[in-house]
Amino acid sequence: QQDTKAIQALDSAHYLHPFTDHGDLATRGARVITRADNIYIWDSEGAKILDAMSGLWCVNAGYGRKELADAGYQQTMTLPFYNSFFQTTNVPAVQLATKLAQLAPEVRGRKFEHVFFSSSGSESNDTNVRMVRRYWDLLGQPQRKVIISRQNAYHGSTMAGASLGGMSGMHAQGDLPIPDIVHIGQPHFFENAQPGESQADFGLRAARWLEEKILSIGADKVAAFIAEPVQGAGGVIIPPATYWPEIQRIVDKHGILLISDEVICAFGRLGHWFAYEKFGIRPDLVTFAKGVTSGYIPLGGVMVGDRVAKVLIEKGGEFNHGYTYSGHPVACAVALANLELMEREKLVERVRDDTGPYLAERFEELRGHPLVGAAETCGFVAGLVLVKNKAKRQVFDESLAVGMRCRAHCFRNGLIMRAVGDRMIIAPPLVMTREQIDEMMDLIQRCLDATLEELRA
Ligand code: PLP
């Protein structure tokens with residue numbers, strides 16, 4: 001057993017954590033996670049915790065998969081690194097690019113035969129910004145620079161990623177967004193629908209915010225629209241069925257590129273290899289990361305549709321962009337092993353046809369709980385809205401921090417669930433069985449009850 005106190009002391013003395021209040025951390029001490037297996041993690045005190053967030057939405061194949069460790073070891077011993085700059089390549093990168101091109105379905109004539117690799121979602125979205133600008137430059141329309149995104153979106157933490165994102169807390173630090181990135185509202189029915197408005201009508205109205213924005217800027221200045229098919233870190237915001245078809249109509253009408261940020265949504269998370277398939281979207285660029293390696297090693301990238309690839313390759317000359325670790329052989333070998341494992345165990349089909357619908361069924365039962373104003377699922381992501389009064393759709397005062405209270409109860413009860421304001425969200429490993437869904441639902445129920453009790457006390 002590790003000496004928790006000693007590690008916590010060194011942690012607060014030396015380690016600057018991402019997205020963490022260090023004052024708070026120094027007082028409480030970080031929870032030290034020491035090992036993991038299947039859907040569970042353990043801390044240094046020996047507590048077993050059900051990880052309903054797959055780490056950070058990434059451990060799709062579950063923890064402890066020896067095949068992935070073996071693939072990494074073998075590749076490290078064969079060729080631990082070589083770059084793909086200056087007309088060199090490596091076998092795992094070529095194999096992974098080929099595999100991804102096979103997995104990415106063609107949609108209404110749009111093919112995805114090319115991949116650009118990075119090591120993260122943030123770097124991939126930076127790549128998108130540069131690629132989109134390069135595309136319009138090559139077509140002789142350099143004035144098309146503006147990228148439209150959505151409030152409350154998360155697209156990463158680099159300057160471009162955080163600017164594309166619509167998190168006001170991030171914009172407030174570092175004078176963001178950078179120029180030529182603007183935001184529209186999100187299709188969040190619970191928060192933004194008008195009284196009596198149907199889901200379908202709201203979906204159309206929310207999509208038309210995009211057209212209003214395009215017209216106010218001038219379509220000839222707009223380069224692209226970027227969005228997550230289901231907004232993840234913003235709180236699992238699942239758009240009404242009318243939303244995406246209308247968005248597609250609008251981008252097509254104005255000739256604007258569409259970027260589908262699938263860092264969370266791809267690789268089975270929504271029951272498909274790529275989420276654009278589920279929503280019938282025809283994107284030009286698709287961002288991925290996380291689930292491609294089940295988080296075992298950093299890898300991200302952009303699936304480049306033929307509309308953009310053709311211009312970049314045929315007219316482009318050299319694209320002055322790339323990362324030391326683009327196409328890293330070890331990361332690519334682990335990704336290949338992960339995708340093969342997911343195919344072998346039919347994890348995507350399982351989520352689509354079996355465990356996903358079962359999770360939805362079990363989540364619906366939570367609507368009966370006095371605290372739950374809405375409970376929504378899409379594949380293996382789900383969100384609950386905690387409310388003061390269900391009938392009046394009245395939310396809690398922010399100062400009560402109800403979501404954080406609920407999260408604390410989850411922690412105490414051996415469950416990782418994330419709080420986004422008063423939305424409680426999950427994204428479990430795709431290996432989760434029906435029995436484990438039941439186990440998770442019992443824990444969620446217990447934590448909701450404990451939160452309610454605390455609020456009533
Ligand atoms: N895009 C989306 C939709 C994400 O959810 C994330 C991370 O959560 C990112 C981009 C950034 O990815 P990374 O943290 O790998 O840079």
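**α10 and α11**

The axes of α10 (residues 199-217) and α11 (residues 243-254) cross at roughly 20° and come within 8 Å. Axes here are lines fitted to C-alpha atoms, for helices over the stretch in contact, with angles from 0 to 180 degrees between N-to-C directions. Helices are DSSP runs of H or I with at least four residues, strands are E runs of at least two, and both are numbered from the N terminus.

Before going on, I noted that this is a predicted model, where local features need pLDDT of at least 70 and side-chain atom pairs count only at pLDDT 80 or more, while totals for chains, interfaces and linings use all residues. Residues are numbered from 1 along each chain as its sequence is written.

I then checked the handedness, and α10 and α11 cross in a right-handed way. Next I looked up who touches whom: on the α10 side I found G203, L204, A206, A207, R208, L210, E211 and I214, and they meet Y243, E246, I247, I250 and H254 of α11. Contact means that C-beta atoms, placed from the backbone, lie within 7 Å. I sorted this contact by class and got eight nonpolar, two polar and three charged residues. For the classes, Ala, Val, Leu, Ile, Met, Phe, Trp, Tyr, Cys and Pro are nonpolar, Asp, Glu, Lys and Arg are charged, and the others, Gly among them, are polar.

**α4 and α14**

Helix α4 (residues 66-78) packs on helix α14 (residues 329-344) at about 150°, and their axes are 8 Å apart. That makes α4 roughly antiparallel to α14. I wrote down right-handed for this crossing of α4 and α14. From α4 I listed E67, L68, A71, G72, Q75 and T76, which meet residues of α14 including P329, V330 and L341. The contact of α4 with α14 splits into nine nonpolar, four polar and one charged.

**α15 and α17**

For α15 and α17 (residues 434-456) I read an angle of about 25° and axes 10 Å apart. That makes α15 roughly parallel to α17. T355, Y358, L359 and R362 in α15 meet R434, I437 and M441 in α17. I count four nonpolar, one polar and two charged residues there.

**The two domains**

The domain assignment (automatic or from a database) gives domain 1 as 31-61 + 346-456 and domain 2 as 70-344. Their centres, taken over C-alpha atoms, are 27 Å apart. Domain 1 puts 27 residues into the contact and domain 2 puts in 22. Which element gives the most to the side of domain 1 that touches domain 2? I found that α15 does, with five residues. That side of domain 1 has 17 nonpolar, seven polar and three charged residues.

I noticed that the peptide bond from L176 to P177 is cis, with omega near 0°. P177 is in the loop between α8 (168-171) and β6 (181-184). S54 lies in helix α3, and its phi is near 50°, a positive value in a residue other than glycine.

Last, I looked up pLDDT, the predictor's confidence in each residue from 0 to 100. Its mean is 96, and 100% of the residues reach 70 or more.

Definitions and conventions
Parallel < 35°, antiparallel > 145°, perpendicular 65-115°, else oblique. Left-handed = near helix turned anticlockwise from the far one by under 90°. Contact = placed C-beta atoms within 7 Å.
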